[in-house]
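Here's a quick tour for anyone meeting this structure for the first time. Have a look at the sequence and the model, then read on.

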Amino acid sequence: MRNRWLVPAGAAAAVLVIAACGSSGNGGSGGSGGSGSSPAASSGSALKTMKVGSATVLADSKGLTLYWFVPDTSTKSNCNGSCIHYWPPVTGPVTAGSGVTGHLGTITRSNGTKQATWDGHPLYTYIGDTGPGMDKGNGLNLSGGVWHAIILTGHAAPAASPKASSGGGGYGY
């Protein structure tokens, strides 16, 4: 009898986390952007590759999967405010470790910090990935847009896209 409240409490906690992730709305457009520095921001000098299922993904120095955010541009991150709590920006500059292909660079965030980029995409980790080899953020539509793991080779698990305008299968890589 004592455990009957555990499932509803866990479900309520999950709803609160999901609501918090989506509450940043437009990703910081027009406001103060990333106020202050992000102590949770991922850093590390050398990026590497990591296997997640049959895919080879780009990972930070700790082996955490790296993501790109659809609303970003090659010169501006649109993940600011509460978004960076869930999607910590990778601070730059970074270097390419063994097997890493593509162009690495940096952008300057609205708070003045440098964020690493890969092929023009600002890089992030995801708070839900608690260890190497995870890609729980792939395909999530949170914090004002869709997030994708950076797949170097192979195929990731299907990630739902937000409204497939082409009428296709709804999967995007």
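The largest nonpolar core in this predicted model has 12 residues: Tyr-67, Phe-69, Cys-79, Cys-83, Ile-84, Tyr-86, Trp-87, Tyr-124, Tyr-126, Leu-142, Trp-147 and Ala-149. A nonpolar core here is a set of buried Ala, Val, Leu, Ile, Met, Phe, Trp, Tyr and Cys residues joined through side-chain atoms within 4.5 Å. Buried means under 20% relative accessible area, with exposed over 50% and partly exposed in between, using a 1.4 Å probe and protein chains only. Helix 2 gives the most, with three residues. There's also a second, separate core of 11 residues, and Leu-58, Leu-66, Leu-104 and Ile-150 are among them. In soluble globular proteins, nonpolar side chains tend to be buried together.

Stepping back, the protein chain has two helices and 10 strands. These are DSSP runs numbered from the N terminus: helices are H or I with at least four residues, strands are E with at least two. Along the sequence the pattern reads α-β-β-β-α-β-β-β-β-β-β-β. Of the 173 residues, 39% are buried.

Strand 6 (residues 114–118) is joined to strand 7 by two bridges, and Trp-118 stands opposite His-121 in strand 7.

How far apart in sequence are the contacts? Counting residues at least 6 apart, 63% of contacts join residues at least 24 apart, where contact means heavy atoms within 4.5 Å.

Finally, confidence. The chain averages a pLDDT of 76, and 64% of the residues score at least 70; pLDDT is the predictor's confidence in each residue, from 0 to 100.

| Residues | pLDDT | Contacts beyond four places in sequence |
|---|---|---|
| 3–40 | under 50 | 34 contacts |
| 160–173 | under 50 | 18 contacts |

A word on the ground rules: residues are numbered from 1 along each chain as its sequence is written, and side-chain values use heavy atoms, leaving out hydrogens and water. Local features need pLDDT of at least 70 and side-chain atom pairs count only at pLDDT 80 or more, while totals for chains, interfaces and linings use all residues.

How values were computed: Pairing = 2+ DSSP bridges.
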